Amino acid sequence: MAFAKLALGSLVAAAGALASSSSTDVVQTTVCNGQTFTYDSMVAWGFIHGRAVDNYGDTISFGSSVSLDRPSLKITHTTSGLLNYSATVYNLPDRGWNTMGTTNFEPRVYKYHIDFQPAPGGSFSPNIQWTLEDTIILTDPFGNPLTGFDCDTTLEFPGFPDIPAATFEGDGWGEMGGMASSVRVCLDPESINLVNGKGEDGFWITDEYGPYMYRFNSRGMMVQAIRPVDALIPIRNGTQQFSADAPRLNSGEDDDVIPANPTSGRNNNQGFEGGSLSPTGKYLYSLLQSATIQDGGSDKTTNRYTRLFRYDITNVNFPKLVGEWVVPLPMYNDPTKKPKNNPRTAAQSELYALSDTRFLVLSRDSSFGHGQDESASNYRQVDTFDISKATNIYNVEKYNKIGGAVAPDGKLDGAITPAIYCPFLNVNLNSQLNKFAGGLHNGGAQDWRLLNEKWEGIALFPADGAYGADGRFYVLITSDDDFITTQGHVNFGRRKYRDTSGFNLDNQALIFLITLPQDVNPFKYYPVGAAAK
Ligand SMILES: *[C@@H]1O[C@H](CO)[C@@H](O)[C@H](O)[C@H]1NC(C)=O
Ligand SMILES: *[C@@H]1O[C@H](CO)[C@@H](O)[C@H](O)[C@H]1NC(C)=O
């Protein structure tokens, strides 16, 4: 199977590719609060093999989030005259291989070099090329590594709020070796955002255990943490308890905490999937994957009313909550479910701030795609929402205290105007996917051309290689393959694993050309390439 996947050396095949696309020939448009968003064309695809390993010999899963190092972007031409974009990007793996239980994976960040050559007419060979440059292991403020294990306690660091943490014996991989028990910060990382658009200035990572927001320096050391409002803190037996009910590998348990669900706060594994710095760098935004437990979060038919938070980080050491809005997630029908279990919420997996009122958001269904029982996804989209007319509730105590609900049982409080949510770019369109790799597809055969289940990363590249003044941007999206491979490596390459599903998923990536409305300018303050100084 692997050999069929084309040498990376043989680049863009599609002869006459550019000719087939004209400016009037767009795929989709949406008007959102009076402004037009255009999906012009899918233009690129690429992947890295699911059994590829990082600088520490561990299996790579690169797609929980991705962020462009803006000064690095360069545009050149290939020998055949195509445009060639190259840049450094930072990719975020999830909490480690966890399909059979959470592990002592040490959370990290990958630094990649990517090149892509947009081909609106399609490309048989991958026209996004990925080269791993570095792997940065994250540490706590004292320099100790973090862990992917489910949380069961907290740690204290001077100047920090209580930080969720996990206790384990020995090396956490089954070797006791005389080692005492350890407590490490537990992290389930879901979004990465480069400070000032540059990896060298460090990065914010949003997490879904806490759910917290953490800032790390460029070497991966935690230098700051933001604890969310009380309404998001998971409460069990009347007190904070940060478990996501994600039992450990080989524990033989179905639940590792009682009660399994919190009675208030973020639902298990539904924390800050989305995080984004504002174009000015003044604000940090975080978006909950779906509703809190008290807002109907325990059921997919009632968990659509999620919350967006805005922190003013002008004085980086004293972040201030200055905004909170309700975002109504899209609903879709799952043909495998009974009518009473439809329609369901398409939870979100990534946020990208286009301005201080407009955002891109990646919302999708789950359990459909490569490696799943069903291959056809019903909702996988880069959408947009606008908060300019929504109610800011950050200072309303009744919504933000423990148990504070904005949508009890999934019914929105009448005093709240939510964001305007607009469906935009449908990733699942086979008419676009089929142009690539001899037939990338949604639905149909379980082969390597089938899209993975999870798509969780968004990065934007201005097509003009500078400020994006013409509104044209390339949107890179990445999939999280959950480290699913039959030839995996963990614990710094010391141990092999085989995912019991028997599947081998790749780290897939796609790029689309879009045109954004004139009232946004995401690269105005931190432009790319030569324009960045
Ligand atoms: C694209 O540009 C990069 C960096 O300049 C270069 O290494 C790569 O070979 C180029 N790719 C093509 C297809 O020309
Ligand atoms: C909550 O209380 C129950 C009943 O006393 C107990 O079994 C459970 O372990 C407690 N959970 C936590 C997280 O303390």
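Q: Which residue in β19 is the bridge partner of Thr-306?
A: This is a predicted model. Strand β18 covers residues 305-312 and pairs with β19 over eight bridges in the antiparallel sense. Thr-306 has its bridge partner in β19, and that partner is Val-327.

Q: What are the classes of the residues in the shell around ligand 2?
A: The residues around ligand 2 are Asn-237, Gln-241, Val-257 and Ile-258. By class, the shell has no charged residues, two polar and two nonpolar.

Q: How many Å separate a polar side-chain atom of Asn-237 from an oxygen atom of ligand 2?
A: Asn-237 is one of the residues around ligand 2. A polar contact requires N or O atoms within 3.5 Å. The polar side-chain atom of Asn-237 and the oxygen atom of ligand 2 are separated by 2.4 Å.

Q: Which residue has a backbone N or O atom 2.7 Å from a nitrogen atom of ligand 2?
A: Ligand 2 exposes 360 Å² when taken alone, and the protein buries 41% of that. Val-257 and Ile-258 are among the residues around this ligand. The backbone N or O atom at 2.7 Å from the ligand nitrogen belongs to Ile-258.

Note on methods. Residues are numbered from 1 along each chain as its sequence is written. Chains are lettered from A and ligands numbered from 1 in the order in which they are written. This is a predicted model: local features need pLDDT of at least 70, side-chain atom pairs count only at pLDDT 80 or more; totals for chains, interfaces and linings use all residues. Side-chain values use heavy atoms; hydrogens and water are left out. A residue is near a molecule or strand if one of its heavy atoms lies within 4 Å of it. A polar contact is a pair of N or O atoms within 3.5 Å; within protein, one must be able to donate a hydrogen and the other to accept it, and residues adjacent in sequence count only if both atoms are side-chain atoms. Accessible areas come from the Shrake-Rupley method with a 1.4 Å probe; for residues, only the protein chains shown count as cover. Ala, Val, Leu, Ile, Met, Phe, Trp, Tyr, Cys and Pro count as nonpolar, Asp, Glu, Lys and Arg as charged, and the others, Gly among them, as polar. Two strands pair if DSSP finds at least two bridges between them. Helices (H or I, at least four residues) and strands (E, at least two) are DSSP runs, numbered from the N terminus.
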